[in-house]
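Subject: Structure handover

Hello,

Here is the structure to look through. My notes on its helices follow below.

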Amino acid sequence: LKGAIALLEPLKAKPGTHPAALSLLGTLYLESRRPKDALALLGPLADTEAAGPLILHNAARAALALGERERATRYLQRVVKKAPDSPAARDLGLLLGGDGRVAESYELLRPWVAAHPDDADARLAAAFGAVELQRAAEAEELLQGLPADDPRVQLLRARTRTLRDDPQGAIALLEPLVRSGPPELAPEARRHLARLYIGTGASQKAVELLRGKV
């Protein structure tokens, strides 16, 4: 990478340098973990109407690395319009999901997972979207093949069972998560378990579960 960058960097100062050379240099900066330098080159190219999917996608990656989520989202949305089946659709789906825009995220991730069934992270994110949108059958389909011992999968399976009106099955999955699951999942698992306790007439268990946690 250093050698390739050294060959291309002198072209930055030359007027009339072809955008493809600047795009390649920006991409090399990005691969070298220099997102600020990458965006300085790729941003002006991406901000033109002539920018193609590759420039836009790499500019989005650089913007995201710098914490500029709104800018990254705009670039990715333009990529998806130009190339709906590109990996940018996956990246945009994950980004929108992280921003709480679940329906938009799911619309992008479900077809991506159908075309790339081995993409476990995208599959998990799509399954979360299906659960949030209360589409139990689609959630079950998306969770198939994911590791059964993954706590995130267990939480989504529990929520799917809740949608299927199987509270006891959901409780059986959530109780171990609350006891010994990852700390970052504990609040959500506890919240769902408390709701199930209340819904099944075990309100005292809910009180005990939430005591000191509110």
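**Helix packing**

Helix 2 (residues 19-31) packs with helix 4 (residues 53-65) at an angle of about 35°, their axes being 10 Å apart. Axes here are lines fitted to C-alpha atoms, for helices over the stretch in contact, with angles running from 0 to 180 degrees between N-to-C directions. Helices are DSSP runs (H or I, at least four residues), numbered from the N terminus. This is a predicted model: local features need pLDDT of at least 70, side-chain atom pairs count only at pLDDT 80 or more, and totals for chains, interfaces and linings use all residues. Residues are numbered from 1 along each chain as its sequence is written, and side-chain values use heavy atoms, with hydrogens and water left out.

From helix 2, Ser23, Thr27, Leu30 and Glu31 meet Ile55, Asn58, Arg61 and Ala62 of helix 4 (contact means heavy atoms within 4.5 Å).

Helix 10 (residues 151-163) and helix 12 (residues 186-199) have axes that come within 11 Å and cross at roughly 25°. The two are therefore roughly parallel to each other (angles under 35 degrees count as such). Leu155, Arg159 and Thr162 of helix 10 make the contact with Glu188, Ala189, His192 and Leu196 of helix 12.

In helix 7, the buried residues are Val102, Ser105, Tyr106, Leu108, Leu109, Trp112 and Val113 (buried means under 20% relative accessible area, with a 1.4 Å probe and protein chains only). These buried residues pack against helix 5 (69-82), helix 6 (87-98), helix 8 (120-132) and helix 9 (136-143).

Regards

How values were computed
Buried means under 20% relative accessible area, exposed over 50%, partly exposed in between (1.4 Å probe, protein chains only). Angles under 35 degrees count as roughly parallel, over 145 as roughly antiparallel, 65 to 115 as roughly perpendicular and the rest as oblique.
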